[in-house]
Amino acid sequence: MSTLTRNSSIPFTGPAPTNRNPYVPAGVEKIDARGAEIAGHLNSPHITQRPGEDLPTFEVDREQIVDVLRTFKDDPKLQYKLPLDCFGVDYPGRQDGRFDVIYQLYSFDHNERVRLIVKTDEETPVQTSVPVFKAFDWFEREVFDMYGVKFEGHPNLRRILTHEAFRGHALRKDYDPAQRWILTEKDVARLEPVVTDHADEGEYDRVTMNIGPSHPAMHGTLRVAVTLDGEIIVGAAQEIGYLHRCFEKSCETHTYQQAIPYTDRLNYMSAIINNVGYCQTVEKLLGIKAPERAQHILLILSELMRIADHLVCVGTNLVDLGALTNFWYFFQPREEIYQLVESCCGARILPSYTRIGGLAVDAPDDFLENTRRIVDSIPAFIADVDGLVRRNRIFRERTLGAGRISQEDAINYGFTGPCLRATGVPYDVRKASPYLGYETYDFDVPIADGGDTYARYLVRIEEMRQSLRILDQAIKRGMPDGPVIVDDPYIALPPKERVYNEMESLIYHFKLIMHGIQPPVGAAYHQVEGGNGELGFYVVSDGTKNPYRVRVRPPCFPIFSAFGEMVTGQTIPDAVASLGSLNIIAGELDH
Amino acid sequence: MPIKEREVPGSIIQRKDQQLPGEGPEKGLLTLPGESRTFAPGEESDRSFFTTTMDTAVNWARSNSLWPLPFGTACCAIEFMSTVSSHYDMARFGFEVVRFSPRQSDLLIVAGTIVDKIAPVLKRIYEQMPEPKYVVAMGACATSGGFYRMYHVVQGIDEVIPVDIWVPGCPPTPEGLMYGILKLKEKIDRGEMRR
């Protein structure tokens, strides 16, 4: 039996004044017109447009969701092929079903996203959409785990992030955030891979082997069970949640500013990009933009972080293949990047440097010179390693064809980022929907054919070079003058010297600390290009100081859900080689 | 155990004149190379010997060749990687033989958040390590759960396994981790740890 611990930790700070203004997205008429166009094209009684949202949004009848998703995917005029996200929101006490299940899709042709909303309650199941989008397999399991929404016809509907002894559904509003359930070893469920291929059975005894969660070949805390026929993997099942640190619930129990350190720890390889994604989403809700100087600093740091992310990914991938030297070699430029970040804000890998509306502090005076020094030194490191590896016979034979995924499957699984580009799809959020002024920079989106480990290596190496190009241009432009945070007492803390000397600033400081930022009531989704792909945040505000719901779209999550299929039919060394190239970051995967 | 006198340059530890070996800052430690000359001038060198307790000798040996097993789950694992990599290079202190099998290591470095789902795994790994074994809790999460006071996070790994050294920080800097491990070395040297 599991034990129950009850230790509520959330301090009560009194009722906060509420912002009751509704959120009006920028360009709402255009979005609504596009939504009406889609609704008119579909002309279905099961779809109702919901105006005034930041994306074209439709409410869909629960029974019809699979058909509607299929129409959105296959209709020649719509072509919403890429499944981005599926998540839940809880509104207890609502009459027509307390849960929203939200699907978000992306169309390469139109370069736009849509949101489909289904309402349901605890008892009524929703039809599973796995036959349409394979990516929603894990996403639906997550909604089940967190909210208890049932999906009818789901092939494997069990908990995904929390453990077997867990009771209740953690993201429901009536769940005590600090209530834990203890897992003991005898409760741990056995992982049985699904084997569909029985062709060669009989030649060898089939063996099911467990790899991870603490294993030299498994990065972080991943766990895979493989069924082997001789040396060939005939079935693989992945288990995640070994680093489920309750990011989304933590955000709900903290203020908007306090949630920023939690975002750092999602993808801890490139923390600043997460900060940017979260802060820009809240800024979108507030209808503000960070000053130009802050954006410029963030762009430089984001690109450096992307390089650092890829350096570790390529380095550890090579370690898995037996080439240890490159890893140590690549850590030198990474240290230099850390030192630059440290000079800005005092922390190395988890900086929490951004604030909503700008930056915590200004960058030091020698920021650009130091960046220039780093940018000038990195190409030599990349060239050395690339020269050793690219035509290396061992490397090529280990990686060519290992972990191959077709373009169609990659899209269906919701791949984004380098792993999608390695299958030949030139989709990059920085080009498709630019932020931080990426539209003013000249850079290319590298793609590769094949979708295997070698292609992913090529894409990552080339992406680092493109990031260096962006950095070069950014340094040449010089730093814009001005403040690094917006001048709004309801969003940014006033400077300390004014707090100590002016009554008004003292009051603003007190109000902001005690009552927090209160965005208007509404929901916004914003996406940035993370190290692994599209990193999206969906923030719901109910006008109080705490976010009502923060949803992160972790790019690793759909990528790792495809891992079993990618390695089936290959050997364990292939699986190890391809896992390293996917760059699965446990913090982001398990959020 | 008799030893022969060897030509070794002087100790790295500065010593005052007339101070006997073993009375200085390294009191209680084993004598360093070049300091084993405890016999009076003129005495025959091949009859020289020194005495120590068995415990001291064993502790000295243990503390100088710790083989760490990084149980890296999260962000701290990245800083652990920095610590063993070229820039900080933990090999300087004799801890560089990183083993990924608990049966080959005697120092468990828990780097990162431990959640309820992985707690039984951590316990099993600790149990698999041979005696004597030492545990370093690296970072705020392993120490106390950090700022994850939530429904799925272990509030400090001492709920599950005993801990010898806690290293603060979120994540600790590589210097911090090295300091923690050197403190562990001191602890073992002093013979404080008995299992």
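Modeller: What follows treats a sheet and then the cavities. This is a predicted model, in which local features need pLDDT of at least 70 and side-chain atom pairs count only at pLDDT 80 or more, while totals for chains, interfaces and linings use all residues. Residues are numbered from 1 along each chain as its sequence is written, chains are lettered from A and ligands numbered from 1 in the order in which they are written, and side-chain values use heavy atoms, without hydrogens and water.

Biologist: In what order do the 3 strands of the open sheet in chain A lie?

Modeller: Strands of a sheet pair through backbone hydrogen bonds, either parallel or antiparallel. Here strands (DSSP runs of E, at least two residues, numbered from the N terminus) count as paired if DSSP finds at least two bridges between them. The order in chain A is β10-β11-β12, with antiparallel pairing. Because β10 (206-211) and β12 (232-239) of chain A each have a single partner strand, one side of each is left without a neighbour in the sheet. Between β11 (residues 223-229) and β12 of chain A there are 7 bridges, and A:Asp229 stands opposite A:Ile232.

Biologist: Which residues lie nearest the centre of the largest cavity?

Modeller: A cavity is a set of points, on a 1 Å grid over the protein atoms alone, where a 1.4 Å probe fits but cannot get out, and its lining residues have an atom within 4 Å of a point. Of the 14 residues lining the largest cavity, B:Cys75, B:Cys76, B:Cys141, B:Cys170 and B:Pro171 lie nearest its centre. The largest share of this lining, 3 residues, comes from α4(B), where a helix is a DSSP run of H or I with at least four residues.

Technical notes
1 Å grid on protein atoms, 1.4 Å probe; cavity = no way out; pocket = protein on both sides within 12 Å on 5 of 7 lines; lining within 4 Å.
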